[in-house]
Amino acid sequence: MFQLDFMRQAFIAAVLVGAAAPAVGVFLVQRRLSLIGDGLGHVALAGVAIGVLTGAAPTWTALVAAVLAACVVEAIRLRGNTNADVALAVMFYGGIALGVVLLAKAPADEGASINTYLFGSILTTQADQLWQFAVLALIALTTTTVFRKRLFAVANDEEFARAAGLPVMRTNLMLSVLTSMTVVLSMRVIGLLLISALMILPNATGQLLGRSFRASTIWAVVVGVLCGAVGVAGSYQLDTPSGGTVVLTCVVVFVAVSVVASLRRGAVLRRARRSNHPHQHFDGCGHPAVLHADHVDYVHDGHRHAAHLDHWDEHPDETATEAPREEAHS
């Protein structure tokens, strides 16, 4: 019975982390801030150490430290200081150094293990902590769902969003806070040094599987949940760190999907050549991509082209002047 409860708790934690991390990470990828999670994780370790030494809940002290660091990051970014990279490096590396020093001073009976927080461990998942995980994950998923369009607009083109009257600064702060919450949520299962991988890799896989931003995000969450569950189960069976096992699972899935996508794209291009279609279209080909029903059309020379089985569908572009919609890849 104990083993059953233990694995149930680990699986629930993995599912919560696997769903929340890609949902937040997709906007970090859009803003080219993929590795910001690593930096916030460094500072969160100092928060964990403070919680261990003071007897407070490490989850909440780590959250406070990460949120404060995220606000500082956003303030530095807004100022556009030429020494911003140096300032961020000092804060991030100072945070992890402080955490290492403080945890080394923690009493032995506190069970403070640096590896537990840096690389994750399913042994640290306890029943009372699942409520904390559930609250943080619910907030992250709900916020990214409700404010998806605003987050996408600001992440995709901040200057245009500002000109359109969107609250850019508040939106960026909201994303920073969500990132901090995700880092703290993931530190028990994935580890503070590997959390960025769970934000990035499922999204990279989702972009290969989905034909729109929304579909890619959904695929990313699905891949994150599956990799989290499989990774935790594998780490238990193999007696390996859960964080590293989950990330390796994400890597394997990404490589497999990449190979299949490459083979599929090659087959589409060969079919297109056989159908005498003079132009090839794919993500990044330079032709505007526009959402059309349940697929994406590529606009070229006043026509819309879409691959279909062994030929290309082609029809006049009646809305050629409209800008690509949010749901289409740019």
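How much accessible surface does the protein have, and what share of it belongs to carbon and sulfur atoms? In this predicted model, the accessible surface (Shrake-Rupley method, 1.4 Å probe; for residues, only the protein chains shown count as cover) comes to about 16400 Å², of which 64% belongs to carbon and sulfur atoms. Residues are numbered from 1 along each chain as its sequence is written, and side-chain values use heavy atoms, with hydrogens and water left out. Because the model is predicted, local features need pLDDT of at least 70 and side-chain atom pairs count only at pLDDT 80 or more, whereas totals for chains, interfaces and linings use all residues.

The protein contains twelve helices and four strands, taken as DSSP runs numbered from the N terminus (helices H or I, at least four residues; strands E, at least two). Of its 330 residues, 48% count as buried, where buried means under 20% relative accessible area, exposed over 50%, and partly exposed in between (1.4 Å probe, protein chains only). Helix α3 (residues 58-79) has 22 residues, which at 1.5 Å a residue should span 32 Å, and its end C-alpha atoms are 32 Å apart, in agreement; the expected span is 1.5 Å times one less than the number of residues. Among the buried residues of α3 are P58, L63, V73, E74 and I76.

Apart from neighbours within four places in sequence, L198 is in contact (heavy atoms within 4.5 Å) with V17, G18, A21, P22, I190, V246 and C250.

Helices α10 (195-209) and α11 (213-238) each supply at least two of its residues, and the largest share, four residues, comes from α11. L226 lies in α11 and counts as exposed, at 52% relative accessibility.

One salt bridge is counted, by the rule of a side-chain nitrogen of Lys or Arg within 4 Å of a carboxyl oxygen of Asp or Glu. It joins the side chains of E159 and R162 (3.4 Å, N to O), both in helix α8 (residues 158-163) and three residues apart, about one turn of the helix. E159 is exposed, with a relative accessible area of 53%, whereas R162 is partly exposed, at 39%.
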